[in-house]
Amino acid sequence: MENSQFAGLRIEYVPQTLREIAIERIRAAIVSGQFPSGHRLVERTLVDQLGVSRSVIREAIRYLEAEGLVEILPRSGPVVATLDWDRARQIYDIRLRLEAAAAADCARLADDAARARLTEALNRLAEAFRSTDPQVLYDATTRFYEEIFTSAGHQIAWEIVHRLNGRISRLRALTLASTDRRVSGQARMQRIAEAILARDPDAASKAVEAHLTEAAGIANRLLHSEQRTAP
């Protein structure tokens, strides 16, 4: 009786804090290339651009540094971390090993509830690809892969991938914008999901490999091209 009496007080939705909003906005600017590699993140400028306090900006920068999107240089302060092929190659190698295994086990182990959640995540991903907001695609893609890893029982592997998500999103934005793709990124992820839903572990693993091999090849060409044309 007492619980029902105070049921109306329960907070069903926790609004974002200013720090979370600042993190999203700065991350989106980095992922989209609006803030390119080496771009100095000047506190005073960010305060004016985002309309928040210096303490919020400092917290956001610390968080993005932990994600690997920002690095602190001795005389320059915080700058957007360099995105080069050596780092990108390591990220793709880690993703290939972990995602291929997770997709295969998800195909083997996912129950009907997990399959329904994956289908819902895939539908949201399709909507996100039509959105002009990079944060929408970032969130939908994260949700899609999180469902695969958790349904496979690969929670520790997901923790590793989740820590790389900021850098993964930078690479994803780079490759999705490319016209070099033979098959679109959305279609590649669709094939991964279809193989899982068909309960075909081998096809799921191969779909991940095809997706990441093509994306890595595009990233390699684009990053080396940027390096050659950099002043």
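Contact, as the word is used in these exercises, means heavy atoms within 4.5 Å. The model is predicted, so that local features need pLDDT of at least 70 and side-chain atom pairs count only at pLDDT 80 or more, while totals for chains, interfaces and linings use all residues. Residues are numbered from 1 along each chain as its sequence is written, and side-chain values use heavy atoms, with hydrogens and water left out.

**Exercise 1. Place Tyr145 in the chain and list the residues it touches.**

Step one: Tyr145 lies in helix α7, residues 134-151, where helices (H or I, at least four residues) and strands (E, at least two) are DSSP runs numbered from the N terminus.
Step two: Tyr145 counts as buried at 5% relative accessibility, given that buried means under 20% relative accessible area, exposed over 50%, and partly exposed in between, with a 1.4 Å probe and protein chains only.
Step three: leaving aside residues up to four places away in sequence, Tyr145 touches Arg95, Glu99, Trp158, Arg172, Met189, Ile192 and His211.
Step four: for the pair Tyr145 and Ile218, the separation is 73 residues in sequence and 21 Å in space, C-alpha to C-alpha.

**Exercise 2. Describe how α5 packs with α9, and name the residues that make the contact.**

Step one: two packed helices are described by the angle between their axes and the distance between the axes.
Step two: α5 and helix α9 (residues 165-176) pack at about 100 degrees with their axes 11 Å apart; axes are lines fitted to C-alpha atoms, for helices over the stretch in contact, and angles run from 0 to 180 degrees between N-to-C directions.
Step three: α5 and α9 are therefore roughly perpendicular to each other, since angles under 35 degrees count as roughly parallel, over 145 as roughly antiparallel, 65 to 115 as roughly perpendicular and the rest as oblique.
Step four: Ala88, Ile91, Tyr92 and Arg95 of α5 meet Arg167, Ile168, Leu171, Arg172 and Thr175 of α9.
Step five: the residues of this contact of α5 with α9 divide into five nonpolar, one polar and three charged, where Ala, Val, Leu, Ile, Met, Phe, Trp, Tyr, Cys and Pro count as nonpolar, Asp, Glu, Lys and Arg as charged, and the others, Gly among them, as polar.

**Exercise 3. Carry out the corresponding analysis for α6 and α10.**

Step one: helix α6 (residues 112-129) and helix α10 (residues 185-197) pack at an angle of about 170 degrees, and their axes are 11 Å apart.
Step two: this makes α6 roughly antiparallel to α10.
Step three: α6 contributes Arg115, Leu118, Thr119, Leu122, Leu125, Ala126 and Phe129, and α10 contributes Gly185, Gln186, Met189, Gln190, Ala193, Ile196 and Leu197.
Step four: by class, the contact of α6 with α10 has nine nonpolar, four polar and one charged residues.

**Exercise 4. Report the confidence of the model and the make-up of the chain.**

Step one: the mean pLDDT, the predictor's confidence in each residue from 0 to 100, is 89 for the protein chain, with 91% of its residues at 70 or more.
Step two: confidence is lowest in helix α1 (residues 2-5), at a mean of 54, and highest in helix α5 (residues 85-109), at 97.
Step three: the protein chain has eleven helices and two strands, and 42% of its 231 residues count as buried.
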